[in-house]
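Subject: Model handover

Hi,

Here is the model I promised. Please load it first, then read the notes below.

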Amino acid sequence: MQTRNVLVVGVGGQGVLLASNVLAAACLARGYDVKKSEVKGMAQRGGAVVSFVRYGERVHSPLVERGRADLVLSLEWAEALRWAAYLRPGGVLAVDLVRILPPAAQLDHRTWQASYPAVEVERLRQAGWDVRPYEASRCAAELGDGRMANVVLLGAVSRELEFTVEEWEQALREVVPEQVVEANLRAFHAGRELPLASVSPGDVRRPAARTFRVEVTASWCKGRSCGICVRVCPEEVLAFGPDDRATAASPDRCTGCQLCQLLCPDFAVVVREEVAVG
Amino acid sequence: METRTQERTRIALLTGNEAIARGAYEAGVAVATGYPGTPSTEIVEYLATLPDVYVEWSSNEKVALDVAMGASMGGVRALCTMKHVGLNVASDTFMVANYTGVRGGLVVVSADDPGMHSSQNEQDNRLYAKFAGVPLLEPSDSQEAKTFTELAFSLSEEFDTPVLLRTTTRISHTRGVVQLGDRQVPPRRPFQRDPAKYVMLPAYARQRRPRVLERLPRLAEVAARPEFLRVEMRDPSVGVVTAGVCYTLVREVLPEASVLKLGMSYPLPLDAIRGFAAQVRRLFVVEELEPFLEEMLRAAGLPVEGKAYFPQQGELTPERVREGFARAGVLPEPGDAGRANLATAPRPPVLCPGCPHTAPFLALQRLGAVVCGDIGCYTLGALEPLRAMDACLAMGSSIGMATGLALAGTAPGPVVAVIGDSTFLHAGLPALVDAVYKRAHVTVVILDNGTTAMTGGQPHPATGSGVRGEPAPRVDLAAVCRAMGVEFVRVVDPYDLGATFVALEEAIRYPGVSVVITNRPCVEAPVKVRDEPFRVVPERCTACQLCMDLGCPAIVWTDETYEGRPKVTIRLDACTGCTLCAQVCPADAIVRVGPGWRRS
Ligand SMILES: Cc1ncc(C[n+]2csc(CCOP(=O)(O)OP(=O)(O)O)c2C)c(N)n1
Ligand code: SF4
Ligand code: SF4
């Protein structure tokens, strides 16, 4: 038997490790040699998590080589794209359609575009990927606990792997905490019956970039002894100038929220939108 | 992962770290010490789940090694674990313990992190074995991690030396099948007075040093024993000398090659390697990081090829080993294997929702402080959107660096050191004494979140509990600072943004060493803190983005906008209810979710 390669991926806190532990337990129950490798450490802090599971008669490397995975099981959309290149031609990309926007993807205060990939299942299919989208999180939530999305997705792809229902059930009983075994068995079976999700691409929002000007009337500003506008500006546009009065030091960063204007007790700050004339 | 059924069959799926712990347990280890550090942490944690072993987290790696050394001198088997950089801290002891030798077996575990998955450097600690003249064992999977640990204790006693067991992230954190056995405790060897062996005065040390040198050739013979050395003759056109995880990569990528696999990679079984070299046409060394084996083999006159094809930086992967053998002309060029990467969102690690480290950094950023940081979760305060850290080197460096920067007198703002509670006790104490002694104008912020969070939440001397969760004496951080002579010591709740801001502002103005201790528990460990979450009232949100400046991952943009800017919403399942965003919101748009909502 050729060694099988599976990646379980997601975001810290989603239960990647539990899902890969269940898979590994199923392998062990079958008498396979199995290696399961992951990098922990930053997982707790919302980073990307990957767990490699390899099984067969004799497994050497703990790592899966790019282009050789049979299955990538992703608990989140952007993570599916991150690891897809590990798939061999014809490998299956199973993904829960949940989207977790990281803070780092929401930093563009000019165009307000989140740097997060659109859910474009059809386009990927046309490019030759075998994508299997599921509403696993929604299904788990309907079962009463959204955190079981990992087990629902495992159920959904369980037919792709060689293990019997009994082996999956035994693996779940061994791995998940005793008090939630029954709930997880239900989640697994719900996943096994879960149909592929139909996806319609959402609208892309693209507001035009706007430009603002912040003006401080120096003679009205109390300067450092107040400093409200300097501290409150979310974009750090304002700073104290050489005369210790507030001034728009980084005017390009202004998003026009007007907090400075609203909170200045001396009406010294005005925010205007620059409108192109003609 | 020892599960109910598997315990009966005596087979378990253990990580390398768990297997080391299991091996030490079965070898009858009596005392196990360590300081947390990825990827080594789970060894001590796993041992703490087993009976009959004294297990402790020490306040730093040097203390851990001293404690283990004392236990060994007392005639029992002792284990001491740390991450690679931990051995730098413990090296002062390590470089003398090799002279004194041991009484009960002493095994030092160094878990290295090639590729820096969660470390500040990727030093290769195999060099320490050579530096100290101690035997070096390198397991290549979980089963070997267990067996080698057991063997290490006997070796240590047989040769009267500490043994260095070195793993890497992939060995420590890979689960594999392991055969379990029973615990067998060797008879205690009672303590014996022997100053010439244990008191390293120059006169005695001069007598001990030759023993270090003498035992190396004898150890090299041990390295050739079948429990360590494996010669696998296959195709004679390519021979590879390798060890550890690299062995598994070579087997995967070049299954037909002949392989000499080392279990003990210092000192080397040179005769065996020469014999192997004579049987193959080309001789390669595949090893991660430094050309450690390569240089020793070349010095022995063997025509080896290694770093010319396999990179010296980073972790080796099957891809990189394949590319190396392709460059060497052994394998065909991999070509464009697989498909291109798909574009996706960046996802660097972030502070958790409700992390008590958030507010101090927000305040420091707004106060224009120049911040010397330290190592822990809070190092993430250097990244967007907090951007409130200017330096971070090694554990405990923050306070000394801040002192130096203040003395230089060139900083464009107030000089502040930020250090976690565990890090403060690890290496911050001497630096704070020094700052007081120098009358440095620095502010030291101690982020007391009641745990060693970065490594998964281990107790330390200021948490009031021990490694098994039992109550323990608790060091009072504020009292310690005062006793050291710090006159300005303020304790503040970092969930009170205003109070945090004011405390820091006053501390910065104080002309001398000031200490501000923030005291909220980490929301992840030792207990998960999950208060009633907050929600955003969309009609009130003016999309000013002030709450987004906290970097809380629970707050996300919605499709709704206000004057072109995206309004926000809060992921209720992720929100811990810390109140910070509600405190900064100028529109009072962030409110408690209210009755009717239940956390699943
Ligand atoms: C010498 C050394 N030992 C161990 C580590 C691993 N390590 C990184 S941060 C950290 C402790 C962090 O604890 P604390 O200072 O309390 O900060 P927190 O993570 O709780 O915010 C440890 C042990 C290291 N980097 N260097
Ligand atoms: S684990 Fe604790 S200290 Fe670390 S980021 Fe999360 S809340 Fe903060
Ligand atoms: S209260 Fe606000 S800042 Fe705190 S965890 Fe919830 S969303 Fe994040």
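S1(B) and S8(B) run antiparallel and are joined by five bridges. Strands here are DSSP runs of E with at least two residues, helices are runs of H or I with at least four, and both are numbered from the N terminus. Two strands count as paired if DSSP finds at least two bridges between them. Within this pair, Ala12(B) has Val178(B) in S8(B) as its bridge partner.

Some ground rules. This is a predicted model, in which local features need pLDDT of at least 70 and side-chain atom pairs count only at pLDDT 80 or more, while totals for chains, interfaces and linings use all residues. Residues are numbered from 1 along each chain as its sequence is written, chains are lettered from A and ligands numbered from 1 in the order in which they are written, and side-chain values use heavy atoms, with hydrogens and water left out.

The sheet across both chains

S1(B) and S8(B) belong to an open sheet of eight strands with mixed pairing. The order is S6(A)-S5(A)-S4(A)-S1(A)-S3(A)-S2(A)-S8(B)-S1(B). Strand S6 (130–134) of chain A and strand S1 (11–15) of chain B each have a single partner strand, so one side of each has no neighbour in the sheet. From one strand to the next, the twist averages 20 degrees. Axes are lines fitted to C-alpha atoms, for helices over the stretch in contact (heavy atoms within 4.5 Å). Angles run from 0 to 180 degrees between N-to-C directions.

Where do the chains join? Strand S2 (residues 33–38) of chain A pairs with strand S8 (residues 174–179) of chain B, antiparallel, over two bridges. Ser37(A) stands opposite Thr174(B) there. Val8(A) faces Ser51(A) in S3(A).

The sheet in chain B

An open sheet of five strands, again mixed, has the order S9-S11-S10-S13-S14. Its edge strands are S9 (230–232) and S14 (304–305), each pairing on one side only. S13 (residues 282–286) and S14(B) pair in the parallel sense over two bridges. Phe284(B) has Glu305(B) in S14(B) as its bridge partner. Helix H12 (residues 270–279) of chain B lies across S9, S10 (235–243), S11 (257–262) and S13, at about 175 degrees to S11(B).

Ligand 3

The space taken by ligand 3 is the largest cavity. A cavity is a set of points, on a 1 Å grid over the protein atoms alone, where a 1.4 Å probe fits but cannot get out. A molecule sits in one if more than half of its atoms lie within 2 Å of its grid points. The surrounding residues (a heavy atom within 4 Å) include Phe534(B), Ile555(B), Cys575(B) and Cys578(B). By class, the shell has eight nonpolar, four polar and no charged residues. Ala, Val, Leu, Ile, Met, Phe, Trp, Tyr, Cys and Pro count as nonpolar, Asp, Glu, Lys and Arg as charged, and the others, Gly among them, as polar.

Backbone points to check

Most peptide bonds are trans, and most residues other than glycine have a negative phi. A cis bond joins Glu384(B) and Pro385(B), with omega about -10 degrees. Arg387(B), not a glycine, has a positive phi of about 40 degrees.

Conventions
1 Å grid on protein atoms, 1.4 Å probe; cavity = no way out; pocket = protein on both sides within 12 Å on 5 of 7 lines; lining within 4 Å.
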